[in-house]
2 protein chains.
Amino acid sequence: MAYKIGKRTIGFDNKPSILSYASVVGKKEHEGPLSQEFDYHINDSFFGEESFEKAESKLQKTAIGIALDKIGLKAEDIDNIFAGDLLNQCIGSSFGLRELGIPFIGLYGACSTMSLSTALASLFIDSGAAEKVIAVTSSHFCSAERQYRFPLDYGSQRTPTAQWTVTGSGALVLGKGKNKPYINSITFGEIEDYGITDANNMGAAMAPAAASTLIHYFEDTGTTPQDYDVIYTGDLGYIGTQLLYELTDEKGVDLRCKHSDCGNMIFRRESQDVHGGGSGCGCSASVLASFIMHRFEDGNFKNILFMSTGALLSPTSTMQGESIPGVAHLLNIKIDDELSN
Amino acid sequence: MAYKIGKRTIGFDNKPSILSYASVVGKKEHEGPLSQEFDYHINDSFFGEESFEKAESKLQKTAIGIALDKIGLKAEDIDNIFAGDLLNQCIGSSFGLRELGIPFIGLYGACSTMSLSTALASLFIDSGAAEKVIAVTSSHFCSAERQYRFPLDYGSQRTPTAQWTVTGSGALVLGKGKNKPYINSITFGEIEDYGITDANNMGAAMAPAAASTLIHYFEDTGTTPQDYDVIYTGDLGYIGTQLLYELTDEKGVDLRCKHSDCGNMIFRRESQDVHGGGSGCGCSASVLASFIMHRFEDGNFKNILFMSTGALLSPTSTMQGESIPGVAHLLNIKIDDELSN
């Protein structure tokens with residue numbers, strides 16, 4: 001059964017577990033520091049397809065295929081799939097997943113999608129509504145640049161604060177399981193909007209949402225950063241990370257010694273020319289479904305927070321002079337001590 | 001607790017109830033057959049805002065405000081809000097709801113959003129994850145035409161099969177309650193794609209998804225159309241409705257005497273020049289949160305099926321020659337006999 005912890009946090013009795021996971025990334029991500037962590041990488045941005053959008057769909061499909069293969073499951077063993085992406089009308093997900101025949105729960109959380117999909121998936125497992133589900137998302141540098149900024153062919157210069165959208169997908173299979181990392185609790189965030197209007201500075205737009213959700217979680221649970229191995233954010237990047245520290249400092253919470261941002265981890269800042277760091281739904285998804293899961297497997301992690309962050313902008317809203325609202329959803333992922341080896 | 005019924009249907013023990021509801025529609029909808037059912041209507045497509053998109057956001061905000069007022073609740077009494085819409089990046093929802101301070105679960109189900117949001121909201125109430133939640137969605141004729149087809153200023157002719165996107169929003173407040181209609185069970189649909197490529201014939205694209213979900217539901221529950229007062233679909237329109245009948249006939253299920261489509265109900269076919277009928281997230285949402293809820297209140301309905309249907313197309317996918325996948329999610333809404341008056 002689910003139960004409320006404090007005002008916003010939802011706890012689970014039944015330990016919805018991550019039974020399997022897989023990550024698929026692009027060439028640039030494969031050349032980064034996490035190179036050896038990913039299950040599969042592509043060298044061709046088109047992934048053998050006719051468009052970047054179709055390539056993105058194939059990233060999701062491939063990640064799901066690998067995750068299912070690892071535990072010998074097939075699509076028909078899955079009750080529900082929770083998916084979304086950055087593309088208009090989430091076509092990365094709907095076109096990628098239409099052949100699977102799995103009841104589809106479409107989400108839109110921009111880059112917060114990985115924690116949003118996993119949070120909902122956990123509740124389905126915990127409540128008895130489903131036995132096995134998939135949470136998945138993706139992003140693709142080329143489809144995102146074309147949609148949110150400029151077609152790549154323009155050769156536009158990127159601003160110093162701009163982040164680099166990760167080409168990648170991460171998929172989790174959740175169910176009841178033993179000896180596996182499980183979702184202990186979740187906190188859904190409210191939309192925060194501090195009036196940032198620069199679509200090339202999304203870390204700044206998302207930091208207030210990250211701070212808000214994190215502070216709510218600490219208040220609800222009576223815990224502090226010291227209680228966790230690591231606190232991951234999704235894709236705040238270098239600038240957003242600094243702003244997060246400033247905002248949480250104001251609440252008396254110092255994250256510095258415990259915090260990592262997937263957007264800062266996935267590329268080499270000094271040599272990969274990514275400016276503000278990595279971003280996109282696929283950023284936190286591919287890091288969660290690789291590096292982070294591996295640290296649970298090798299016994300390094302027992303108890304972490306994972307919070308993807310989303311900037312809910314649209315090119316239309318930006319052209320209409322609107323600011324960029326942000327949202328962040330949090331997962332507390334644990335593994336039981338006696339069972340972790 | 002939630003439990004699985006058959007393969008795809010999820011049943012609830014705790015009767016997640018519709019505590020309040022509200023609908024807001026545009027001028028044309030107010031001139032239609034359901035005129036007296038809606039809580040509020042606007043005569044100005046801009047709703048006093050600077051753009052159609054901002055007007056659409058205001059539709060959602062207004063519907064939520066009325067629904068909360070009816071039962072004396074405030075935004076801070078609500079644990080979660082489930083919302084989505086047709087606009088790129090769902091800005092109708094994110095910009096409409098950012099001031100409420102309610103933890104936000106963003107969805108993308110195109111016109112299936114009202115049953116998607118209500119289904120997830122029900123599980124949150126049933127499982128104990130939340131005490132009170134809101135499910136809401138919207139559409140706006142002018143923002144949808146501009147995004148999916150042509151800006152209105154072009155004065156384009158509409159094809160005979162084209163449907164008219166409803167300007168409207170419907171909002172439900174769900175929680176535990178007595179003497180109220182409740183969500184007895186839900187069935188999430190898989191994505192169905194029969195290869196329809198005409199973005200002006202979305203009823204045809206959605207009918208296979210509607211048939212699939214409905215047949216799964218009847219198989220799971222061992223019921224037939226005769227067991228329900230009415231079976232509502234969201235916005236198949238006149239053409240999609242005929243196709244639904246043909247597809248369910250093939251499975252030996254005759255819907256004709258029990259079925260209504262919100263898209264066929266909201267406008268007068270003979271005089272309102274809507275061609276294929278109404279459509280859009282706001283179509284099934286505003287009909288559910290008005291006419292259908294009123295029939296539960298006046299004792300006419302005891303047990304219905306409500307299934308919004310979504311066409312998961314994007315202008316980008318259409319330009320890339322893709323077909324239109326559809327999805328449909330189903331709610332079984334009941335009221336207990338002895339408590340209904």
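Let's start with chain A. Of its 341 residues, 68% count as buried. Keep in mind that this is a predicted model.

What does chain A contain in secondary structure? It comes to 10 helices and 15 strands. Its C-alpha atoms fill a box of roughly 55 × 50 × 35 Å along the principal axes. Now the radius of gyration. A compact globule with 341 residues would have a value near 20 Å, and chain A has 18 Å, so the two agree. Next, the contacts within chain A. Take those between residues at least 6 apart in sequence. Of these, 77% join residues at least 24 apart.

Now one residue in chain A: Q60(A). You will find it in helix α2, residues 52-70. Is Q60(A) buried or exposed? Its relative accessible area is 0%, and buried means under 20%, so Q60(A) is buried. Which residues does Q60(A) contact, leaving aside neighbours within four places in sequence? Here they are. A83(A), G84(A) and D85(A) are on the list, and so are G92(A), S93(A) and L97(A). V136(A), T137(A), S138(A) and S169(A) complete it.

Over to chain B, and a residue in a loop. S323(B) lies between α10 (315-319) and β15 (326-334) of chain B. With a relative accessible area of 12%, S323(B) is under the 20% cut-off and therefore buried. What does S323(B) touch, not counting residues up to four places away in sequence? From chain A, there are F95(A) and R98(A). From chain B, there are D193(B), G195(B), I196(B) and T197(B). One distance to note: S323(B) and L313(B) are 10 residues apart in sequence, and their C-alpha atoms are 7.8 Å apart in space.

Last topic: a helix pair in chain B. Two packed helices are described by the angle between their axes and the distance between the axes. The pair here is α6, residues 202-221, and α7, residues 237-249, both of chain B. They pack at an angle of about 40 degrees, with their axes 8 Å apart. How do we class that angle?

Who meets whom? On the α6(B) side are G203(B), A204(B), A207(B), P208(B), A210(B), A211(B) and I215(B). They meet G240(B), L243(B), L244(B), L247(B) and T248(B) in α7(B). By class, that contact has 9 nonpolar, 3 polar and no charged residues.

Methods:
Residues numbered from 1 in each chain as written. Chains lettered and ligands numbered in written order. Predicted model: local features only at pLDDT ≥ 70, side-chain atom pairs only at ≥ 80, totals over all residues. Heavy atoms only, no water. Axes fitted to C-alpha atoms, helices over the stretch in contact; angles between N-to-C directions. Helix = DSSP H or I, 4+ residues; strand = E, 2+ residues; numbered from the N terminus. Contact = heavy atoms within 4.5 Å. Nonpolar A, V, L, I, M, F, W, Y, C, P; charged D, E, K, R; others polar. Rg over C-alpha atoms; globule rule 2.2 N^0.38 Å. Buried < 20%, exposed > 50% of the residue type's maximum accessible area, 1.4 Å probe, protein only.
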